[in-house]
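Visitor: I'd like a close look at one part of this model, starting from a loop and then working out to whatever surrounds it. Give me the cut-offs as you go, please.

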Amino acid sequence: MIHFETLDYLKDGNPKQILAYKTLTENKVLENLSEFNPILAGTIPINIDIENSDLDIICYWKNKCDFIEKVTSLFKDNPYFKIEETIVNGKESVIANFKLDAFEIEIFGQNIPTKDQNAYKHMIIEYKILMSKNDDFRLKIIKLKQNGYKTEPAFGELLGLKTDPYTELLDFKI
């Protein structure tokens, strides 16, 4: 099992993962956000990304204002920087977006420990599913994503999930 809490696994990954490692470490993104327990989540860590996939960094804030202030101070000079407060799954959330090198970056923060956030849970479940299947399954997920599917619905399609893949994946047994 990959230890997704660090970026070390990216160093020996595919070319996009290596580039992500370089971008995130040279810009000290996770290091600068360390007080918020950042974890890179999403498709790039589990090798199902497509051309326009971004780097999703999830964070755990205890004080929303402190989180907004820190993220803003770190990235406000980026010409593509924007930050917003919103509600996701009934929880207060903060989402910041900007570009670094070849990547779109999304920093997502909630007052939920990072390993308890759905983005992390989905990634771990999807990773386990990918490890239990052959590479053809992974390539089918990528193809569905290239055809406009979001990640969880793509898994839902191939796994025959019936109603809400976001919820059903959280209970999926491998």
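Guide: Start at K28, which sits in the loop between helix 1 and helix 2 (29-32). Helices (H or I, at least four residues) and strands (E, at least two) are DSSP runs here, numbered from the N terminus. K28 isn't a glycine, yet its phi is positive, at about 50°. With a relative accessible area of 42%, K28 is partly exposed; buried means under 20%, exposed over 50%, and partly exposed is what falls in between, using a 1.4 Å probe and protein chains only.

Some ground rules before we move on. This is a predicted model, so local features need pLDDT of at least 70 and side-chain atom pairs count only at pLDDT 80 or more, while totals for chains, interfaces and linings use all residues. Residues are numbered from 1 along each chain as its sequence is written, and side-chain values use heavy atoms, leaving out hydrogens and water.

Now to the sheet. Two strands count as paired if DSSP finds at least two bridges between them, and angles run from 0 to 180 degrees between N-to-C directions, with axes fitted to C-alpha atoms (for helices, over the stretch in contact). Contact means heavy atoms within 4.5 Å. There are 5 strands in an open sheet, ordered 1-2-5-4-3, and the pairing is mixed. Strand 1 (39-41) and strand 3 (82-88) are the edges; each has a single partner strand, so one side of each has no neighbour in the sheet. From one strand to the next, the twist averages 30°. Helix 1 (residues 15-26) packs on this sheet and touches strand 1, strand 2, strand 4 (91-100) and strand 5, its direction making about 65° with that of strand 5. Helix 3 (residues 64-75) lies across strand 2, strand 3, strand 4 and strand 5, and runs at about 5° to strand 4.

Strand 2 deserves a stop. Strand 2 (residues 55-60) pairs with strand 5 (residues 103-110) in the parallel sense, over 6 bridges. L55 has I105 of strand 5 as its bridge partner, and C59 faces G109 of strand 5. Strand 1 pairs with strand 2 in the antiparallel sense, over 3 bridges, with I39 bridged to I58.

At the other end of the sheet order, strand 3 and strand 4 run antiparallel and are joined by 7 bridges; I87 is opposite E92 there. Their hairpin has 2 residues between the strands, and N89 takes a positive phi near 50° in it.

Follow strand 4 and you get to K99, which is partly exposed at a relative accessible area of 34%. Setting aside neighbours within four places in sequence, K99 is in contact with N78, Y80 and E104. K99 and N78 are 21 residues apart along the chain, with 7.3 Å between their C-alpha atoms. The loop between strand 4 and strand 5 holds D101, another non-glycine with a positive phi of about 50°. D101 counts as exposed, at 56% relative accessibility.

What about the interior? A nonpolar core is a set of buried Ala, Val, Leu, Ile, Met, Phe, Trp, Tyr and Cys residues joined through side-chain atoms within 4.5 Å. The largest one has 51 residues, and L24, I57, I105, I107 and F155 have the most contacts inside it. Helix 4 gives the most to this core, with 7 residues.

Beyond its neighbours within four places in sequence, F155 is in contact with I48, E126, I129, L130, F137, I141 and L169. The axes of helix 4 (residues 118-132) and helix 6 (residues 151-159) come within 11 Å and cross at roughly 35°. H122, E126, I129 and L130 of helix 4 meet T151, E152, F155 and L159 of helix 6. Those contact residues divide into 4 nonpolar, 2 polar and 2 charged, where Ala, Val, Leu, Ile, Met, Phe, Trp, Tyr, Cys and Pro are nonpolar, Asp, Glu, Lys and Arg charged, and the others, Gly among them, polar.
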